[in-house]
Amino acid sequence: MRQPKVDDIAVLGVSHNQASIEIREKFSLPAGETSHLRKEARNLAKGLFIFNTCNRAEIYLHQAEIHKVQKLWQQECKLSLQEFRSFSYLKTGKAAVEHLM
């Protein structure tokens, strides 16, 4: 089994720094197993952690097909790709780990 590497970590997210409450509500990741995004993202990553508060929503990924997860979230938000990218962020490797800290 391959040892985990920092470069294998990524975070996709949206926060109050980039988006109003109305936009953050579109990015909301409700708890439970009913979300299409949650079900599909599990198949695209070795590890997955979803963090959702009123100020931010984030998906932490380990060894993931990041852009496929990003596309799933964009579709679930019902935003254009341009809108999604203008409000969200993607951090990988050391930047993702530092963001978590």
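Which residue forms a salt bridge with Glu-98? The partner is Lys-94, and the closest N and O atoms of the pair are 3.8 Å apart, where a salt bridge is a side-chain nitrogen of Lys or Arg within 4 Å of a carboxyl oxygen of Asp or Glu.

## Basis of the model

This is a predicted model, in which local features need pLDDT of at least 70 and side-chain atom pairs count only at pLDDT 80 or more, while totals for chains, interfaces and linings use all residues. Residues are numbered from 1 along each chain as its sequence is written, and side-chain values use heavy atoms, with hydrogens and water left out.

## Overall architecture

The protein contains 5 helices and 4 strands, these being DSSP runs numbered from the N terminus (helices H or I, at least four residues; strands E, at least two). Their order along the sequence is β-α-α-β-β-α-α-β-α. For 101 residues, a compact globule would have a radius of gyration near 13 Å, and the value of 13 Å for the protein agrees with this; the radius is taken over C-alpha atoms, and the globule rule is 2.2 Å times the number of residues to the power 0.38. Along the principal axes, the C-alpha atoms fill a box of roughly 45 × 30 × 25 Å.

Of the 101 residues, 38% are buried, a class defined by under 20% relative accessible area, with exposed meaning over 50% and partly exposed lying in between (1.4 Å probe, protein chains only). Among contacts (heavy atoms within 4.5 Å) with a separation of 6 or more, 65% are between residues 24 or more positions apart.

## Strand pairing around E3

Strand E3 (residues 56-64) pairs in the antiparallel sense with strand E1 (residues 9-15) over 7 bridges, pairing being assigned if DSSP finds at least two bridges between two strands. Within this pairing, Ser-15 has Arg-56 of E3 as its bridge partner.

Strand E2 (residues 45-52) is also antiparallel to E3 and is joined to E3 by 7 bridges, with Leu-48 standing opposite Leu-61.

After H3 comes Lys-78, whose phi is positive, near 60°. Leu-81 belongs to helix H4 and is partly exposed, at 32% relative accessible area.

## Salt bridges

The count of salt bridges is 3. Arg-56 pairs with Glu-58, with the closest N and O atoms 3.2 Å apart; Arg-56 is partly exposed at 29% relative accessible area, whereas Glu-58 is buried at 0%. Lys-68 forms a salt bridge with Glu-65, with a closest N and O separation of 2.8 Å, and here Lys-68 is partly exposed at 49%, as is Glu-65 at 37%.

Glu-98 is partly exposed at 49% relative accessible area, while Lys-94 counts as exposed at 58%.
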